[in-house]
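Look at the sequence and the model first, then read on.

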Amino acid sequence: MSLLAGTAIVKHFGGIKALDGVEITIEEGAIVGLVGPNGSGKSTLINVLSGFYPADAGQAAFDGVDLLELGPHQIAAEGLARTFQIPRPFGTMTVLENVALSYMFGQRRHSLADARSAAGEWLGFTGLGEVADSPIDQLTLHQLKFLELARALATEPRLLLLDEVLAGLNPTEVDESIQMIKRIHARGVTLVIVEHLVRVVTALSTTLTVLDQGLVIAEGEPDAVIRQPEVVRAYLGSKWANA
Amino acid sequence: MTRRTKALAGFAVAAIVINLVPALAEALDTPGFYITFMFTAFFWISQAVSWNILTGYSGYFSFGQGAWFGVGVYTTGVLAAKEGWPFLVALPIAGALAAAFGLGLGLVVFRLRKLSGEIFALTTLAVAFVLASVARLYSFIDGGRGIFMTGTPLPEFLGDFRTAMFRMTFVVAFLTVLAAYLLYESRVGWGLFAIRDDEQVAHGLGVPTFRYKMVALGTNAFFSGLMGGVWALQIGFVTVDDVFNIRVPLFVILMSVLGGMKHWMGPVVGAVIIYTLTDRLNSAGLEDVNQIIIGGLLIFLVLAVREGIYLRMRMRWILTLTVFGTAMAVWTFADLATSLIWDFAYASLITLLAVLLPTRQSVARVLRRGGPATPVEASAAERAST
């Protein structure tokens, strides 16, 4: 039984069809790598599934509930969380308060008192324990990206959409982030990873889904998908597809 | 202290103030303008604090304060003065009606995503203009003739007019500050601050943004209207031009910005300082240059203390208390000024200058709510799993 089944998801921006009938299945416990050339609709799909953009058509059945009918806070309550490519922390709160807030709301209601200790645990998990009381502006990009993770995890999601968590990091930080993603997965969270570094995604994911021009053009076992002619064509042009 | 004991202590203090201050004023035969000074300060505290519940907490900039205030003034004006209802029956209706107008506006503007930022601010301003026109047009409200509030009977137990005003404004201001404090400490407050910082992200993390913004706007309008209902009495002769002008919305903005919009106490401090200064400048016969002096001071202070006076005072609370206490004592006992209000004004001014001294503490640390956090290391189980 799949955790999320998206059918015929359409999203226009004016005359541009960013999503042109996307069909996507996400199995429980999977790590889905979502790849595709620039402008293929990866980020739009994340935004539609998390309720940030209203979809123009289609369904996204998440454990029997159609996400496209819900607002962002209701989607969070269903157990879906996301991170942002460019970290967007709450600027007037400390690191700990950022995480406490998302635990208080998130999937279930929690009291303020519980939120503080739970937030501390999530900061420990993501290695941010030492900066718990720091203001946001003292964090590095790497720490901000981990704060995005801690905050998303604190909502206790079943499905977590990671929008380019590796972008802008140096090789050491990329390695640390990959370890972190594996640890998150080990806790039983289903993951969708949007990423430009195809090599990394291929190594990490259990399923690879390739988007091109608003359509899913390939889906399946990563090493096989990456060799499909359509996928090569989408990335490199038709010249290389038959090479 | 637990929240319950805090609340009980607060109500006890309030009950003492309501009864003791007027009695004390009578026993000591203090000049009547002391009481007037205090209840005008309560008026501004309530207006500024209620405005801050919407704008400071949620970040939605409102020029609508005049509208909610005006609805309150005209509700008791029409019901108590024209229709002869008992004043204390008309008063809660003033708050409720203002809240209804606020929620009505919220229902429209918060549903439309495009109406945020400047457009929201302009919409709230437009509401005041529309309400002013309606009041002017319909003779059952005003019809351009104004309403005489003088002679509106007040219940005996409130005392003479001045004492009654003191008691009513104090109760409304107390309730407004209490609401601001409770919201600040609550889940709704946290949600609103998240909305202020990044509404989209807050929504995505599960904050019911529409509902919380409605709570903020409704609370703002309710207390502004409630105080407006009381204030109709002090205005005496209510006219559209006096009520629906830019004075109230402008002053609450100045007070909150000066005091600090990120903490529930900020507007209280801002309101007291700005009201005291304008009042003293007026009483010194400087009405004409009053606004220039206040304006200049504001520009200076806002640039010098961006986080607001209150947070700066908290960062340097020993300095603040010492300077204020010393100045107040010196002025009072050396009899340097003609009245206690002058003493207070000078002491405030000196304290203001003292807290301008820079500090290295961060705002986030002072803002931190619910006590210090205990950093928690990764649990053994989690470390094992890595």
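## Around A:L191

This is a predicted model. Leaving aside neighbours within four places in sequence, A:L191 is in contact with A:I31, A:V32, A:L160, A:L162, A:I181, A:I184 and A:H185.

## The largest nonpolar core

A:L191 also belongs to the largest nonpolar core, which has 179 residues. A:L191 is among those with the most contacts inside this core, along with A:A119, A:A150, A:I193, B:I45 and B:I309. Helix α2(B) gives the most to the core: 14 residues. Domain 1 (30-245) and domain 2 (247-371) of chain B both give residues to the core, so it lies between them.

## Two domains of chain B

Chain B is divided into domain 1 (30-245) and domain 2 (247-371). Their C-alpha centres lie 24 Å apart. Across the contact, 23 residues of domain 1 meet 21 residues of domain 2.

Which elements of chain B give two or more residues to the side of domain 1 that touches domain 2? They are α2, α3 (65-82) and α6 (161-185). The largest share of that side, 13 residues, comes from α2(B). By class, this side of domain 1 has 14 nonpolar, eight polar and one charged residues.

## α2 against α10

Helix α2 (residues 32-58) of chain B packs with helix α10 (residues 247-259) of chain B. The angle is about 75°, and the axes are 9 Å apart. That makes α2(B) roughly perpendicular to α10(B).

From α2(B) come B:W44, B:Q47, B:A48, B:W51, B:N52 and B:G56. They meet B:V248, B:F251, B:V252, B:M255 and B:S256 in α10(B). The residues of this contact divide into seven nonpolar, four polar and no charged.

Note on methods: Residues numbered from 1 in each chain as written. Chains lettered and ligands numbered in written order. Predicted model: local features only at pLDDT ≥ 70, side-chain atom pairs only at ≥ 80, totals over all residues. Axes fitted to C-alpha atoms, helices over the stretch in contact; angles between N-to-C directions. Helix = DSSP H or I, 4+ residues; strand = E, 2+ residues; numbered from the N terminus. Parallel < 35°, antiparallel > 145°, perpendicular 65-115°, else oblique. Contact = placed C-beta atoms within 7 Å. Nonpolar A, V, L, I, M, F, W, Y, C, P; charged D, E, K, R; others polar. Core = buried A, V, L, I, M, F, W, Y, C linked by C-beta atoms within 7 Å. Buried ≥ 20, exposed ≤ 12 C-beta atoms within 10 Å, placed from the backbone. Domains from an automatic or database assignment.
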